[in-house]
Amino acid sequence: AAVASLAALGDDAAPELVSWLRTARTSEHAIAAAVDALVAARGDHVVTEVVRLLDADVPAVVADGAVILGRRRAPDASTVLIPLLAHPDDNVAVAAIEALGTIGGSVAFEALAELVRRREFFRSFPALQVVSTSGDPRAVAAICDLLDDPVFRDEAIRALGRTGQVHAIAPLAGLRDTAPLAAVADALADAVARADWTGGE
């Protein structure tokens with residue numbers, strides 16, 4: 001009831017909720033409630049208030065801000081989330097990756113693709129998930145860069161399937177003698193299923 005009431009207040013409640021997330025943070029349940037209220041809040045200035053969380057000194061506060069912007073699917077937030085991909089804290093970077101994936105669009109694609117190519121374990125894997133389902137035709141090339149790396153190869157094979165793009169077929173077929181055949185077959189089947197789901201021929 002409190003979450004619904006605060007969300008209904010919209011712009012009137014947003015500054016207080018943001019300040020509370022920056023300073024009080026009394027319990028995990030209360031934090032989750034404040035986040036939910038800001039996600040559901042309506043108003044012209046809610047996103048502007050939430051962006052204030054991104055310059056906090058506490059990484060958990062910054063991550064909360066990224067989560068809220070992602071769940072709100074705020075399209076204008078991509079430009080302020082992209083710098084967080086280089087944040088010193090892995091949890092903040094992952095929150096930004098997931099938020100950008102939820103928001104969608106092509107604005108952040110290059111930054112996410114570059115993160116995939118860096119092969120940083122805790123960041124490249126979640127970035128790979130987002131890139132593979134972005135619908136961007138450049139995703140296949142970015143994912144193929146990982147096929148020669150034994151740490152990332154298996155996930156890269158699955159990611160190629162998730163693209164649902166015709167350009168993924170040739171690199172997957174080229175792996176049939178060097179990678180587990182079942183994994184290649186599963187990825188090709190996934191590519192066909194996703195292409196069919198999205199209306200690809």
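The buried residues of helix α8 are covered by elements that include α7 (90-103), α9 (121-132) and α10 (139-144), where contact means heavy atoms within 4.5 Å. The model is predicted, so that local features need pLDDT of at least 70 and side-chain atom pairs count only at pLDDT 80 or more, whereas totals for chains, interfaces and linings use all residues. Residues are numbered from 1 along each chain as its sequence is written, and side-chain values use heavy atoms, with hydrogens and water left out.

Helix α8 spans residues 109-118, and Phe109, Leu112, Ala113, Leu115 and Val116 are buried in this helix. A residue is called buried under 20% relative accessible area, exposed over 50% and partly exposed in between (1.4 Å probe, protein chains only). Viewed down the axis of α8, the buried residues fall within an arc of 155 degrees and therefore line one face of the helix; the arc is that of the directions from the helix axis to the C-beta atoms. An α-helix has 3.6 residues a turn, so residues three or four places apart point the same way. Just after α8, Arg119 adopts a positive phi of about 60 degrees.

Leu112, a residue of α8, has a relative accessible area of 4% and is buried. Leaving aside residues up to four places away in sequence, Leu112 touches Leu85, Ile97, Leu100, Ala127, Val130 and Val131. The C-alpha atoms of Leu112 and Ala127 are separated by 5.8 Å, with the two residues 15 residues apart along the chain.

Leu112 also belongs to the largest nonpolar core, which has 63 residues; together with Leu21, Leu38, Ile68, Leu81 and Leu84, Leu112 touches the most other members. Such a core is a set of buried Ala, Val, Leu, Ile, Met, Phe, Trp, Tyr and Cys residues joined through side-chain atoms within 4.5 Å. Helix α7 supplies the largest share of this core, seven residues. For Leu21, the residues touched are Ile31, Ala34, Val35, Leu38, Leu53, Val61, Asp64 and Ile68, not counting residues up to four places away in sequence.

The protein chain as a whole has 13 helices and zero strands. Helices (H or I, at least four residues) and strands (E, at least two) are DSSP runs, numbered from the N terminus. Of the 201 residues in the chain, 43% are buried. The C-alpha atoms fill a box of roughly 60 × 35 × 25 Å, taken along the principal axes. Among contacts between residues at least 6 apart in sequence, 62% join residues at least 24 apart.

Helices α1 (residues 2-9) and α3 (residues 28-40) have axes that come within 8 Å and cross at roughly 40 degrees. The axes are lines fitted to C-alpha atoms, for helices over the stretch in contact, and angles run from 0 to 180 degrees between N-to-C directions. In this pair, Val3, Leu6 and Ala7 of α1 meet Ala33, Asp36, Ala37 and Ala40 of α3.

Two loop residues have positive phi values. Arg25, in the loop between α2 (14-23) and α3, has a positive phi of about 50 degrees although it is not a glycine. Arg25 is partly exposed, at 21% relative accessible area. Arg73 lies in the loop between α5 (59-71) and α6 (78-81), and its phi, also positive, is near 50 degrees. With a relative accessibility of 56%, Arg73 counts as exposed.
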